[in-house]
Amino acid sequence: MTETVLEALADGVLTLTLNRPDKLNSFNTDMHLALRAGLQRAHDDAKVRAVLLTGAGRGFCAGQDLGDRDPRKGGEAVDLGHTLETYYNPSLRLIRALEKPVVCAVNGVAAGAGANIAIACDIVLAAKSAKFVQAFSKIGLVPDAGGSWLLTRILGEPRAKALALTAEPLSAEKAAEWGLIWKAVEDERLMDEAMAMAKSLAAGPTVGLGLTKRLIQHAATNGFDAQLDLERDCQRQAGRSADYAEGVAAFLEKRKPHFKGR
Ligand code: T3D
């Protein structure tokens, strides 16, 4: 059977490739479970120091496989609240909670939950030909996979509402201009640039990078005082890491640091 998510670990980077290209990598149950297993491995395996998420074929991910939701097939209606809680939300939570950088290479269209999984990642690069589509309103649904939260915080209400209500595609270049993603790159450069970014992060001070991710995510909801407290706690922890000692020693010795991720 074809694997729905391909996993490859090299140079500290765990590459997860959504692999249902004939369906634009839309999610069936198997792909949900495989993605979650890959993300869990990223948590558990100390050899993984960064994740690169991408899609096979011409699309990144078209969200839910609507073939699995065909109302014409009859039977009991699927409880979509249950499918979010059981399948989408655990992976979203894993991406956000993982204290290692997650780079996303959006190789083509990212629609519905696929768009929102992409923007939940830490650093998003997209091929210039890619587009982001909040496809939900076209089929009578609401933004999910964290989209209502992320879009509103990143873009503000006017743009979040317009994208969600109209389902108008947002080009990669516009997404970069609006700050929704890190950058749009030439199609043929995407995987090289995304992998170079992931490798560079994987060679970095993993403890400090993970804590940095935690801090920035909490800033969206913390008040200033609470954030100062969190910075204090995170800096205390980072200051106890071997990589901090190595970073300072390397600076003083005028050489490149060799971080070990501890
Ligand atoms: O259900 C729950 O558990 C709740 C959770 C919901 C989360 C969600 O994500 S809901 C939103 C679901 N996604 C969509 O509504 C997007 C549907 N797809 C599209 O709007 C378009 O396909 C795209 C904008 C993504 C891309 O357009 P285009 O013109 O580049 O490609 P296309 O020709 O429409 O699609 C290519 C093939 O992929 C086509 O198959 P075919 O005709 O070549 O055999 C198409 O049917 C298939 N495909 C694309 N999206 C889906 C899909 N098949 C199943 N499910 C899809 N979501």
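This is a predicted model: local features need pLDDT of at least 70, side-chain atom pairs count only at pLDDT 80 or more; totals for chains, interfaces and linings use all residues.

Student: What does pairing rest on in general, and to which strand is E7 joined by four bridges?

Tutor: Strands of a sheet pair through backbone hydrogen bonds, and the sense is either parallel or antiparallel. Here, strand E5 (residues 102–106) is joined to E7 by four bridges, again with the two strands running parallel, and Cys 104 stands opposite Val 124 in E7.

Student: How many of the five residues of E7 are buried?

Tutor: Four of the five residues in E7, which spans residues 123–127, are buried, and the strand is thus described as mostly covered. One of the residues in this stretch, Ala 126, touches Val 106, Ala 172, Ala 175, Ile 181 and Ala 184, if residues up to four places away in sequence are not counted. Ala 126 is also among the residues with the most contacts inside the largest nonpolar core, a core of 66 residues, together with Val 51, Val 103, Val 106, Ala 110 and Ala 118.

Student: Which residues does Met 197 touch, once residues up to four places away in sequence are not counted?

Tutor: Met 197 is found in helix H7 (residues 190–202), and it touches Val 103, Ile 123 and Leu 125. Met 197 and Leu 125 are 72 residues apart in sequence, whereas their C-alpha atoms are 9.6 Å apart in space. Met 197 counts as buried because 20 other C-beta atoms lie within 10 Å, the cut-off for a buried residue being 20 or more.

Student: How should I read the two faces of a strand, and which residues of E3 lie on each side?

Tutor: In a regular strand the side chains alternate between the two faces of the sheet. In E3, Ala 50, Leu 52 and Thr 54 lie on one side, Val 51, Leu 53 and Gly 55 lie on the other, and all of them are buried, so that both faces are covered. Strand E3 (residues 50–55) is largely enclosed by the rest of the structure, because six of its six residues are buried. E3 is joined to E2 by six bridges, and these strands run parallel; within that pairing, Leu 18 stands opposite Gly 55.

Student: In what order do the strands of the open sheet come?

Tutor: Four strands form the open sheet, in the order E4-E6-E8-E9, and the pairing is mixed. The edge strands, each of which pairs on one side only, are strand E4 (59–61) and strand E9 (170–171). E6 and strand E8 (residues 131–133) pair in the parallel sense over two bridges, and the bridge partner of Ala 110 in E8 is Phe 132.

Student: Which residues are closest to the ligand?

Tutor: The ligand is surrounded by 24 residues, the closest being Ala 62, Gly 63, Thr 83, Gly 112 and Ala 113. The elements that give two or more residues to this shell are helix H2 (80–97) and strand E6 (109–111), and H2 provides the largest share, three residues. Sorted by class, the shell has 13 nonpolar, six polar and five charged residues.

Student: Which domains does the assignment give?

Tutor: The domain assignment gives domain 1 (5–202) and domain 2 (206–252). The contact takes eight residues from domain 1 and eight residues from domain 2, and the side of domain 1 that touches domain 2 has two nonpolar, no polar and six charged residues.

Methods. Residues are numbered from 1 along each chain as its sequence is written. A residue is near a molecule or strand if its C-beta atom, placed from the backbone, lies within 6 Å of it. Ala, Val, Leu, Ile, Met, Phe, Trp, Tyr, Cys and Pro count as nonpolar, Asp, Glu, Lys and Arg as charged, and the others, Gly among them, as polar. A nonpolar core is a set of buried Ala, Val, Leu, Ile, Met, Phe, Trp, Tyr and Cys residues joined through C-beta atoms within 7 Å. A residue is buried if 20 or more other C-beta atoms lie within 10 Å of its own, exposed if 12 or fewer, and partly exposed in between; C-beta atoms are placed from the backbone. Two residues are in contact if their C-beta atoms, placed from the backbone, lie within 7 Å. Two strands pair if DSSP finds at least two bridges between them. Domain bounds come from an automatic or database domain assignment.
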